[in-house]
Amino acid sequence: MIKQISVFVENKPGRLAAITEKLYENNINIRAFTIAEAGDFGIIRMVVDRTEEAYTALKEAGFTVRLTNVIAVEVEDEPGSLHKIAKALGDAGINIEYVYAFTSEEHKALIIFRVSDEERAKNVLENLGVLFKGEIK
Amino acid sequence: MYWNPAIERLSGEELEEIQERRLRALVNTVYEYSPFYRRRFKDAGVHPSDIKSLNDLSKLPFTKKQDLRNNYPFGMFCVPLSQVVRFHASSGTTGKPTVVGYTANDIRNWVESLCRALVSCGVSSKDIMQIAYGYGLFTGGLGFHYAAERLGSTVVPISAGNTARQVELMKDLGTTVIACTPSYMLYLSEYAAEMGVDIANDTNLRAGIFGAEPWSEETRKRIEEKTGIVAYDVYGTSELSGPLFTECTERSGIHIWADMFIAEIVDPETGEQVGEGEKGELVVTTITKEALPLIRWRTGDITYMESDKCGCGRTHPRIMRILGRADDMLIVRGVNVFPSQIEHVLLQIPEVGEHYMIILDRRDDGLDEMTIQVELSDRVSIDTTSDILNLERKIAEKLKSVLNVWAKVEVVNPGTLQRFEGKAKRVIDKRKI
């Protein structure tokens, strides 16, 4: 399990910059990033190198920010990798609520999942040998 | 327990008979003795002889705060000053000051009204009552003082302020009942805690009678949780005499003594009477006041009324909690909406904060649209967009059930809505009317 930061953000010019500015000021590196948008607002989800510092910096700046445990898997950066996992979860009847991915020099391809049944998903992924248990650097 | 059991338990018909008799006498008196009322009646095309029953009440013109201001200081008095035994005056925070006067009978009736109320909420001659409303031109202090003394309670006439002394005397003299504003009670309990005094455990205080400012059920809960006392609401305005009515021990509304006052609820826009249980502006006709009788006085306070018999055995009608001021009323798609109702709903939802804005706009198809902006609190879950959408829907549904009109809810980041010092301006009306 790794920690993801989610931030509520109003759909207005400059709001994202206000968040990234805080991260930049604190020398925090974003590893993975996605925005789910819903009309007047969006939810930013991200994985960063120094999670606690990022959380504190955003919180102190007045943002509505949360830390959530999410499942990460590490796979080879090659065709079919995501498919293998998505199929295994689908076959087990586990719903994927959202997913985003990133690659880096440090890791192979890392995929972040939020699923309907966390415990069972962990078992499925563990059996596939892809569950990421390290730390994001 | 009753202060005046015969009167407090009269049947509805008997009360109406008294009201009718006193109303007819009142309109004759004011027409005779007050040039103001005579002119007002003539302008409205009504003569005292037109008032034959209570049903004719609505023929009478309203009186308003502005009338008192325009006739400052004595223009609406109906007795010579030689018969006036006391003045009280309002501070004029919302305009020019107003002055009210009392005959000896007026003082007696004021005391009678508040004595009935105090007994109805369980105050007796055994109580030690700390009166922390201001004494002086404000009616709160002296109003409670006279009634509590008449009742035989032991009065601590400390007036407002000097909080350390309040706590000290409360402890040393064994105060059992306090009368003050609800916000002062909250301050007092915090102050006491800083002095190392826990009101719940270190004092004999068991009840408080709170009013003179709008307050909510949430504030009542906070006071009761902090201090372990029972909090009662009191109603009255200086024009009607001062503090006059409180909740009874049932705490399902405030009894308005029908042998002294005729209460109506009207639509603040049209002035038409509304049905039983519908909200609107409280309008009061004083049927025993002598120095400054008021006919259909627009209190500006929004509430609703119930007239079925109360669990306490009293038959006099009850007004419910004051929901807001008529001046604050919004009309959205023809429905009367009070910002206080919106505030009340938002306070019950932990996921949002206490600051909010109301934005009114009119769509191209001519329908009004109300948007409520509210800040997220610390207790919201923001993992997925549906967390937020569900929260917005939940708030909208609660608002709909209270307001009877849909509002769009928009949550925003904490700290981003405007803060107000003093009177808040939470409504932005963009409608072109």
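## A first look at chains A and B

In strand β21 of chain B, B:Ile428 is the bridge partner of B:Ile359. That pairing belongs to a predicted model, which scores ipTM 0.80 and pTM 0.74. For chain B, the mean pLDDT is 92, and 98% of the residues reach 70 or more.

**The four-stranded sheet of chain B**

- Strand β18 (residues 352-362) of chain B runs parallel to β21(B), and 3 bridges join them.
- These two strands sit in an open sheet of 4 strands, ordered β20-β19-β18-β21 in chain B, with mixed pairing.
- At the edges stand β20 (408-412) and β21 (427-429) of chain B; each has a single partner strand, so one side of each is left without a neighbour in the sheet.
- From one strand to the next, the twist averages 20°.
- Helix α11 (residues 339-347) of chain B packs on this sheet, where it touches β18, β19 (368-376) and β21 of chain B. The direction of α11 makes about 140° with that of β18(B).
- Helix α12 (residues 385-403) of chain B lies across β18, β19 and β20 of chain B, and runs at about 135° to β20(B).

**The three-stranded sheet of chain B**

- Another open sheet has 3 strands in the order β9-β14-β13 (chain B), and its pairing is antiparallel.
- Here β9 (254-255) and β13 (305-306) of chain B are the edge strands, each with a single partner strand, so one side of each has no neighbour in the sheet.
- β9(B) pairs with strand β14 (residues 318-319) of chain B over 2 bridges, in the antiparallel sense.
- Opposite B:His255 you will find B:Arg318 in β14(B).

- Helix α8 (residues 182-194) and helix α10 (residues 217-227), both of chain B, have axes that come within 10 Å and cross at roughly 30°.
- Because angles under 35 degrees count as roughly parallel, α8(B) is roughly parallel to α10(B).
- The crossing of α8(B) and α10(B) is left-handed.
- Among the residues that meet here are B:Leu186 in α8(B) and B:Ile223 in α10(B).
- The residues of this contact divide into 4 nonpolar, 3 polar and 2 charged.

**Where the chains touch**

- Chain A brings 15 residues into contact with 13 residues of chain B.
- On the side of chain A that touches chain B, β1 (2-10), β2 (30-38), β3 (41-48), β4 (65-75) and β5 (96-103) of chain A each supply at least two residues.
- β1(A) gives the most to that side, with 3 residues.
- By class, that side of chain A has 7 nonpolar, 4 polar and 4 charged residues.

Terms used
Residues are numbered from 1 along each chain as its sequence is written. Chains are lettered from A and ligands numbered from 1 in the order in which they are written. This is a predicted model: local features need pLDDT of at least 70, side-chain atom pairs count only at pLDDT 80 or more; totals for chains, interfaces and linings use all residues. Two strands pair if DSSP finds at least two bridges between them. Two residues are in contact if their C-beta atoms, placed from the backbone, lie within 7 Å. Ala, Val, Leu, Ile, Met, Phe, Trp, Tyr, Cys and Pro count as nonpolar, Asp, Glu, Lys and Arg as charged, and the others, Gly among them, as polar. Axes are lines fitted to C-alpha atoms, for helices over the stretch in contact, and angles run from 0 to 180 degrees between N-to-C directions. Angles under 35 degrees count as roughly parallel, over 145 as roughly antiparallel, 65 to 115 as roughly perpendicular and the rest as oblique. A crossing is left-handed if the near helix is turned anticlockwise from the far one by less than a right angle, and right-handed if clockwise. pLDDT is the predictor's confidence in each residue, from 0 to 100.
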